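User: I have a structure here and want to know what its labels rest on. Please take me through some of them.

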Amino acid sequence: MDWKKYALRSVHIQQGYFAAVNTVRIRTCDDKAFLTIKGPSRNGGLVRYEFEKEITMDEANSLLKLCEPGMIDKRRYFVPCGKHTYEIDEFYGENEGLVLAEIELNSEDETFEKPAFIGKEVTGIPYFYNSQMRRNPFRLWRDRLPEEYR
């Protein structure tokens, strides 16, 4: 199934990370920019506190120069399904070939529709975290993935 034809819109995202106990990132998203701090994951990666503040593009460009090596570059598509919208990331650069879908739920036990184009669940698998893929990009481990993840 060609899921892109169902996308309402898409945005180009670039993000860099700072060394921190929690995840601290700078993200540009087309013509907007954000500072995001994420707390530790709970319940196998299903729950995580997140603080996000919009900043200027000038601030973001200055802060991106201070980030650790390894930039995440991707396009995010917004695909409606039932009462929810999936955010589907198509990665570029060192993570080329990887496509991940995410859905935001109001609670851990909220029900949702899973469209046919969604593959194997990867929640809680650190290899698939953007903050990890900047250090250990997909191109280095894609050939070691079990068949059910391809």
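User: What makes the link between the side chains of glutamine 15 and asparagine 130 a polar contact?

Analyst: The distance is 3.1 Å. A polar contact is a pair of N or O atoms within 3.5 Å; within protein, one must be able to donate a hydrogen and the other to accept it, and residues adjacent in sequence count only if both atoms are side-chain atoms. So the pair of glutamine 15 and asparagine 130 qualifies. The side chain of glutamine 15 also makes a polar contact with that of arginine 27, at 2.7 Å. This is a predicted model: local features need pLDDT of at least 70, side-chain atom pairs count only at pLDDT 80 or more, and totals for chains, interfaces and linings use all residues. Residues are numbered from 1 along each chain as its sequence is written, and side-chain values use heavy atoms, leaving out hydrogens and water.

User: Why is glutamine 15 called buried?

Analyst: Its relative accessibility is 0%. Buried means under 20% relative accessible area, exposed over 50%, partly exposed in between (1.4 Å probe, protein chains only). Therefore glutamine 15 counts as buried. Leaving aside neighbours within four places in sequence, its contacts (heavy atoms within 4.5 Å) include Ile26, Leu64, Met71 and Asn130.

User: And valine 21, buried or exposed?

Analyst: Exposed, because its relative accessibility is 87%. Valine 21 sits in the loop between β1 and β2.

User: Why does tyrosine 49 get its accessibility label?

Analyst: Its value is 53%, so tyrosine 49 counts as exposed. Tyrosine 49 lies in the loop between β3 and β4.

User: How do you know that β2 and β3 pair?

Analyst: Count the bridges. Strands are DSSP runs of E, at least two residues, numbered from the N terminus. Two strands pair if DSSP finds at least two bridges between them. Strands β2 (residues 23-29) and β3 (residues 32-38) have seven, in the antiparallel sense. So they pair. Isoleucine 26 stands opposite leucine 35 in β3. The two strands form a hairpin with two residues between them, and aspartate 30 in the turn has a positive phi of about 55°.

User: What joins β3 to β4?

Analyst: Six bridges join β3 to β4 (residues 50-55), and the strands run antiparallel. With at least two bridges needed, they therefore pair. Lysine 38 stands opposite glutamate 50 in β4.

Methods: Helices (H or I, at least four residues) and strands (E, at least two) are DSSP runs, numbered from the N terminus.
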